[in-house]
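My notes follow the order in which I checked things.

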Amino acid sequence: MLNRDVGNDCDRIAPLLGAWYDGELGAEPAAGLDAHLASCPGCAAHVAELEAVDGALALAGELPEVDLGPAVMTAMRRERRRVAAWRLAAAAAVLMASGLGLLAGSLALGPGREPQTPVLVATLDSVTEAFAPAPTGGLSALSGDLAAAGRGGRR
Amino acid sequence: MPSPDPDHQLMARLAGGDDSALAELVARWQRPVLAHVARFLGCPPEEAQDIAQEAFLRVWRERRRFEPRAAFSTWLFAIVLNLCRNRRRSAQRRPVLVPIGVDGAGEPFPAIEAGADADPLACARASELEGKVRRALRSLPESQRAAVLLRRFEGMSYREIATVLGSSEGAVESLLVRARRALAAAIFGDDRSRAQEKGGSGVEP
């Protein structure tokens with residue numbers, strides 16, 4: 001609500017007519033304006049113009065009936081799957097990075113110790129499964145390399 | 001205590017992982033959102049649907065960032081307005097792809113249906129006025145146009161409009177004054193001068 005002092009001259013009242021029309025003037029100034037409008041044809045004509053503009057805007061149109069629901073839900077699920085795949089890929093990358101670290105460590109230690117390499121390979125297999133039937137070779141190729149490296153390490 | 005506002009309840013369900021709440025929000029809000037986009041951009045219905053769909057997808061993306069203190073309507077319309085402005089800018093960069101308002105092609109709304117017994121002259125006048133209204137709206141600056149549409153069709157208060165536009169109530173008041181003055185001049189300008197010639201009051205549409 002906009003609280004304004006309303007006098008009785010049109011120059012001061014004219015800029016307030018819009019707020020009055022929209023019910024945005026406080027009760028007191030609005031009452032003052034009601035009184036003025038009853039006796040001032042110029043300001044009353046201005047209000048009639050505001051009404052006419054509102055009336056004409058009805059012609060800005062109504063839309064035909066459509067339901068966006070199915071399209072929005074499909075787009076949302078697609079995005080949810082994409083985000084999930086991204087998270088999985090990021091997790092896999094972290095696993096691989098730490099796995100490579102472990103491998104490097106075990107290779108440096110020599111064949112005497114058996115580190116967690118088999119665990120790592122199993123995890124990567126489940127990751128590639130999650131991505132099937134994606135035909136791209138990225139992760140599977142990498143995990144294959146790692147498995148090979150793992151076998152090499154155990155030899 | 002859960003908030004009694006149905007939109008707030010739906011947003012809480014959405015944030016909690018209940019996707020079906022999104023379908024309910026779409027069902028509640030798609031009509032005003034679609035109509036607002038089409039009136040604001042003066043674009044064909046397909047483009048309005050595209051933008052409205054993207055707006056609801058954003059509602060889902062931002063579901064955990066919605067503040068229950070805010071009104072859902074102002075939050076939603078701020079998203080919608082933002083998308084409309086971006087679309088307008090990218091359309092300006094490649095104007096050839098957006099055939100808006102060329103000889104009635106690409107009009108956002110179907111023309112008023114003429115009944116079998118309709119007076120053809122009255123119909124012609126109605127569609128002439130319709131065209132004037134749409135052109136007048138399109139010629140308003142974006143903030144004025146958004147303010148006038150949110151006031152007229154969403155019944156928003158000055159405070160709510162200010163929240164959508166990120167401005168003040170006083171700024172909204174003056175946006176509306178300027179918008180309505182410009183609309184009156186563009187829509188009734190000719191009739192007004194005609195009426196004045198006849199000695200009328202000049203405010204009849």
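Predicted model: local features only at pLDDT ≥ 70, side-chain atom pairs only at ≥ 80, totals over all residues.

I started with Arg61(B). Arg61(B) is partly exposed, because its relative accessibility is 34%. The classes I use are buried under 20% relative accessible area, exposed over 50%, and partly exposed in between, with a 1.4 Å probe and protein chains only. Arg61(B) makes a salt bridge with Glu54(B), and their closest N and O atoms are 3.4 Å apart. A salt bridge here is a side-chain nitrogen of Lys or Arg within 4 Å of a carboxyl oxygen of Asp or Glu.

Residues are numbered from 1 along each chain as its sequence is written, chains are lettered from A and ligands numbered from 1 in the order in which they are written, and side-chain values use heavy atoms, without hydrogens and water.

Next I asked how many salt bridges the structure holds over all chains. I get 18. One of them pairs Asp19(B) with Arg80(A), with the closest N and O atoms 2.3 Å apart. This pair joins two chains, because Asp19(B) lies in the loop between α1 (6-15) and α2 (20-41) of chain B and Arg80(A) in helix α5 (residues 69-109) of chain A. Helices (H or I, at least four residues) and strands (E, at least two) are DSSP runs, numbered from the N terminus. Is Asp19(B) buried or exposed? Asp19(B) is buried, at 18% relative accessible area. Arg80(A) is partly exposed, at 30%.

I looked at another pair, Glu24(B) with Arg13(B). Their closest N and O atoms are 3.1 Å apart in a salt bridge. Glu24(B) sits in helix α2 of chain B and Arg13(B) in helix α1 of chain B, 11 residues apart. Glu24(B) is partly exposed at 37% relative accessibility, and Arg13(B) is partly exposed at 31%.

Then the helix packing. In chain B, helix α6 (residues 142-154) packs on helix α7 (residues 158-165) at an angle of about 140°, with the axes 10 Å apart. Axes are lines fitted to C-alpha atoms, for helices over the stretch in contact, and angles run from 0 to 180 degrees between N-to-C directions. So α6(B) is oblique to α7(B); under 35 degrees counts as roughly parallel, over 145 as roughly antiparallel, 65 to 115 as roughly perpendicular and the rest as oblique. I listed the residues that meet: Ser143(B), Ala146(B), Ala147(B), Leu150(B) and Arg151(B) from α6(B), with Tyr158(B), Ile161(B), Val164(B) and Leu165(B) from α7(B). Contact means heavy atoms within 4.5 Å.

Phe153(B) is also in helix α6 of chain B. I find Phe153(B) partly exposed, with 23% relative accessible area. Neighbours within four places in sequence aside, Phe153(B) is in contact with Leu57(A), Ala58(A), Ala60(A) and Arg39(B). Phe153(B) and His36(B) are 117 residues apart in sequence, yet 8.2 Å apart C-alpha to C-alpha.

Last, the chain as a whole. Chain B has eight helices and zero strands. Of its 205 residues, 43% count as buried.
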